[in-house]
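Here are a few notes to read alongside the model.

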Amino acid sequence: MTAAPRSSLRFGVMCTGTVFDAWQARCLDALLAVDGVEPGLLIVDARPRLSHRAGDRVTRLVRSENLLWKGFNDGFVARRSQALRKVDLGETFASVPRIDCTVTKRGKWSELFDAADVEIIRRHELDFLLRFAFGIVRGDVLTAARYGIWSFHHDDEAVVRGGPPCFWEIYDRDPVSGVMLQRLTERLDSGVVLHKGFVRTAATSYARNSDAVHFAGAAFPAKICRDILAGHDSHVTAAPTESKAPIRHNPTNRQMLRFLARQARSFVTGQVQSSVRRDHWNVGVVDAPIARFVDPSFAPAIRWLPRATSREVYVADPFGTRGREPNDNGTGTGESILVEAFDQRTQLGDIRALDVQTGRLGERAVLPDAVHMSYPYLVRHDGDLFCMPEAARGRGVRLFRARRFPDDWEDLGVLVPDVAAVDPTVFEHDGRWWLFFTDRDVDSNAALHVWHAPALRGPWSPHAANPVKTDVRSARPAGTPFVHEGRLYRPAQDCSETYGGAIAINDVEELTTDRFRERVAHRVRPEPSSRYPAGRHTLSAMGNQTLIDGKRRTFRGRTVASAIEAKLRRGLARAR
């Protein structure tokens, strides 16, 4: 269903006052940054905080089967979490009307608002209520705003119901952790899903996992508001979810002992492995067009290039072209491609030419820059060849034009300023130019942003639904988009289990300036018997051939001691 576009939206905040958790403050900041969205009411939980004598609290705690969880969560995690630190927004909401509400309990969990308070909320003519307080609310308050009450569930509701948030994915060793914004209904755990996202589970730290999940969802309410303002509100009125996932509760002392032991083992294992082994990438060529990778039965024969240089430098992110290159004779041999050359000693990369016949790597960068550069994405337009590399640390999306491929480029300047764009990928489709990237400031592997323009040089505008997708399994760009049998496909990284673990081929089902929808059609996974069995993260078209890269884990050799020393220095710095 497509409704008429709206010019403005007013919302209420269900809260305990004007001091919010940091993730909630970020959520509210994002809402207030949307043109036409404004706060209309603070709905404050006026119930007194429960207080008990210290002796009673100690007695209950000692007898509790959740003693270890409470001590771990309330003590260790609460002090380390960035998402849960307190932010005072009193000045921001100083002029916003406020209503203090109490609720009555129905049964063990349900909370009902007083009819008079519900009527006051209705009179403010709000479009939605954002729930940061109260418990399991039911009754007339659910319909007091036009689009109901929006509430977060910091797990994938199809896998985990109940709580605590972001915990059971680590305990169950699930590679991804979910977050959902839902519209509440009368049925518990049966809300209307407004938007979902997935991040990689931080297996060695509950605090980091909680932070990643909470911050990942902070942009969701603003995204839904932009959808509604553009006239797209069908997901707000869709059917509720019907999850049959088990309902989880706070872990018992026995479960916590097992959890802490697993975390310690994972941490030690990870530290040891990263000290003695490291990732090494290389480039391969497949003698088949990129569209063949849509076919799940396709088994590509990869011709891996010889190691390009020393053990300390690897190559990845290959891009090439088979058309006419602007070189000395104007013919172009198609034997050179561009790659990222990454120096593991400096942890910096640059863009160099690589000969696909010999594997010989150029001695100097073809796109000199002081910052780390990678992902030298190539696109041809109006007879010219352009390169749009990643330079997220320097901020901004930059474009270069080849004067002589592969080693002479003209800097055309910044197309999109002040964005930490990761793996920017530009292409023309349906008469418009599209730019895809993930945002390093939000999540390099999960938060997909889209921009669009009438021409390659711009002017560029952000997509109305940014971030259009939050999913570590299929968001980050991974090579050349292509059209096959009339459908647009987009390669993306699957970083759910490890960085660059596999490539997801997405079927882009809808792409307009205010709508985006895609589904994973196929995944390109590394073959266990391959020379590079640990990962794949770039797939790019080169005429009737396809370039791909692969990862394997190698022994650090002489750099083991320096890796351990660097870890100790970082650990001491954190301790201070």
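1. Let me start with a proline. Pro467 sits in the loop between strand S27 (461-462) and S28; strands here are DSSP runs of E with at least two residues, numbered from the N terminus. The peptide bond that joins Asn466 and Pro467 is cis, with omega about -10°. A word on reading this: the model is predicted, so local features need pLDDT of at least 70, side-chain atom pairs count only at pLDDT 80 or more, and totals for chains, interfaces and linings use all residues. Residues are numbered from 1 along each chain as its sequence is written, and side-chain values use heavy atoms, with hydrogens and water left out.

2. Asp471 belongs to the loop between strand S28 (469-470) and strand S29 (482-484). Asp471 is buried at 10% relative accessibility (buried is under 20% relative accessible area, exposed over 50%, partly exposed in between, with a 1.4 Å probe and protein chains only). Neighbours within four places in sequence aside, Asp471 is in contact with Phe198, Asn445 and Ala446, where contact means heavy atoms within 4.5 Å.

3. Now to a sheet. Four strands make an open, antiparallel sheet in the order S20-S21-S22-S23; two strands pair if DSSP finds at least two bridges between them. Strand S20 (374-381) and strand S23 (408-416) are at the edges with a single partner strand each, so one side of each has no neighbour in the sheet.

4. Strand S22 (residues 397-404) is joined to S23 by 6 bridges, and Arg401 has Glu410 in S23 as its bridge partner. In the loop between S22 and S23 you will find Pro406, and the peptide bond from Phe405 to Pro406 is cis, with omega near 10°.

5. Asp382, in the loop between S20 and strand S21 (384-390), has a positive phi of about 50° although it is not a glycine. Asp430, in the loop between strand S24 (421-429) and strand S25 (432-439), has a positive phi of about 55°. Asp382 is exposed, with a relative accessible area of 69%, and Asp430 counts as exposed at 69% relative accessibility.

6. Finally, the cysteines. How many disulfides does a search of the whole structure find? The search finds 0, taking a disulfide as a pair of cysteine sulfur atoms within 2.5 Å. For Cys15, the nearest cysteine sulfur is that of Cys101, 9.9 Å away. Cys15 is buried, with a relative accessible area of 1%, and Cys387 is buried at 0%.
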